[in-house]
Amino acid sequence: MTSADTIVSSLHTHRHTLAHGTMEGPYKYSRDASGEVRRVIRVGTRKSQLARIQTDSVVEKLKELYPHLALEIVGMTTIGDNILDRALSKIGEKSLFTKELENALEKNEVDLVVHSLKDLPTTLPSGFTIGAVLKRENPHDAVVLHPKHLGRTLETLPESSVIGTSSLRRAAQLKKRFPQLLFKDIRGNLNTRLKKLDEKDDYAAIVLAAAGLRRMGWDDRIGQILRPEDCMYAVGQGALAVEVRARDADILEMVSVLHDPETVLRCIAERAFLRRLEGGCSVPVAVHTEVKNSQLYLTGAVFSLDGSDSLKDTMQTSVAADDKSSDAVDERVQRVGVTASGVPGGAQDGAERLGEDLANLLLSKGAKEILTVARQLNDAR
């Protein structure tokens with residue numbers, strides 16, 4: 001029996017308690033058609049269409065695992081949703097798409113929150129933890145072309161074509177790879193950005209996360225998936241995270257069955273790399289990870305704003321399960337904000353060290369100077 005199976009089995013004993021609302025705490029309850037009182041698990045999410053689709057997918061998984069639970073989705077608007085006239089990197093707020101959701105979690109207005117993992121800072125507010133990291137969708141970036149350029153790629157677009165992106169990471173890498181193109185900020189949710197692309201001639205193409213397009217069912221809009229040699233992705237990109245109050249052992253245990261072990265290890269390494277570099281959306285930091293033959297490979301890079309200066313390297317570590325340590329996971333231990341009791345602790349520690357070691361390697365080669373200049377230039381723009 002796997003660790004996840006063990007947790008699911010143990011939770012069968014909690015289902016009556018969870019369903020009938022006999023636990024203590026500031027919980028919400030409802031009465032079903034038969035008159036039975038049930039605890040309601042409130043799930044916080046942003047109101048955008050993509051956020052709702054992502055949250056719905058998590059809720060459906062929980063309903064399959066715990067059919068007796070009542071789940072209620074609570075939609076909210078965040079700072080990042082409201083400020084659309086400035087690039088994300090210029091707003092100066094670390095928790096652009098998470099702060100309001102975490103406030104609701106702190107006030108017990110919701111019991112868990114679904115995020116895109118890449119939106120979550122590498123250091124969470126006290127009292128919170130990431131209780132689940134779900135199986136990663138394609139983490140790479142995708143090119144969506146203006147209708148008049150269908151069939152082209154970034155290589156074959158006319159010289160001086162304008163490419164829309166709100167990401168310093170994407171712009172830095174693509175400026176270096178495609179110096180014949182121009183890059184311009186574009187803000188808004190997926191629907192808004194696609195509308196700006198299609199209805200005006202301001203952009204020849206825009207670059208977005210492939211995961212979001214696929215979750216929206218818009219695979220047909222993807223003109224090109226960017227390879228790692230063209231554009232490495234953001235830390236945590238393509239993965240969904242469930243954030244909970246660390247003290248809520250029942251909720252934490254409930255959502256932990258959603259963890260995808262490989263995604264957990266990859267994202268712990270990526271988040272440890274970013275945390276050690278003290279990076280965020282205001283500096284161009286990119287990663288690429290994969291697991292092959294029980295080896296976790298992490299490639300990380302930092303860039304100047306125009307991509308002319310960069311540092312990049314790759315390291316690896318074994319993440320093979322150690323029979324002696326696989327069951328000795330301290331469920332209270334967070335690694336870069338992640339609590340993953342169903343994943344061997346030794347493998348998690350190895351992934352975290354890998355991220356830190358790679359960051360230290362780049363720092364020894366001058367990464368801090370590159371990022372400091374990038375941050376200063378971005379602030380001055």
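A: In this predicted model, the count of salt bridges comes to 20. One of them joins D111 and R42, whose closest N and O atoms are 3.1 Å apart.

A second salt bridge connects K365 with D313, and here the closest N and O atoms are 2.7 Å apart. This pair also links distant parts of the chain, 52 residues apart: K365 is in the loop between α11 (345-364) and α12 (367-380), and D313 is in strand β14 (residues 310-318). K365 has a relative accessible area of 45%, so K365 is partly exposed. D313 is partly exposed as well, because its relative accessible area is 21% and buried means under 20%.

The side chains of D219 and R214 meet in another salt bridge, at 3.5 Å from N to O. D219 counts as partly exposed because its relative accessible area is 38%. R214, at 37% relative accessibility, is therefore partly exposed too.

Salt bridges can also join into a network, and one such network links E155, R177, R227, E229 and D230.

Some charged residues can be described by other features. K292 lies over the face of Y297, at 5.6 Å from the ring centre. As for rings facing rings, a search of the whole structure finds zero aromatic pairs. R187 is found in the loop between β8 (182-184) and α7 (190-199). With 8% relative accessibility, R187 counts as buried because the cut-off is under 20%. R187 and S166 are 21 residues apart in sequence, and their C-alpha atoms are 6.1 Å apart in space.

Two elements complete the picture of what is covered. Strand β5 (residues 128-133) is mostly covered, with six of its six residues buried. β5 pairs with strand β11 (residues 240-245) in the antiparallel sense, over five bridges. Within this pairing, I130 has E243 of β11 as its bridge partner. Helix α9 (residues 249-256) is mostly covered too, with six of its eight residues buried. Those buried residues of α9 are D250, I251, L252, M254, V255 and S256.

Notes
Residues are numbered from 1 along each chain as its sequence is written. This is a predicted model: local features need pLDDT of at least 70, side-chain atom pairs count only at pLDDT 80 or more; totals for chains, interfaces and linings use all residues. Side-chain values use heavy atoms; hydrogens and water are left out. Buried means under 20% relative accessible area, exposed over 50%, partly exposed in between (1.4 Å probe, protein chains only). Helices (H or I, at least four residues) and strands (E, at least two) are DSSP runs, numbered from the N terminus. Two strands pair if DSSP finds at least two bridges between them. Rings of Phe, Tyr and Trp (its six-membered ring) pair if their centres lie within 6.5 Å; planes under 30 degrees apart count as stacked, over 60 as edge-to-face and the rest as tilted. A charge sits over a ring if NZ of Lys or CZ of Arg is within 6 Å of the ring centre and within 35 degrees of the ring normal. A salt bridge is a side-chain nitrogen of Lys or Arg within 4 Å of a carboxyl oxygen of Asp or Glu.
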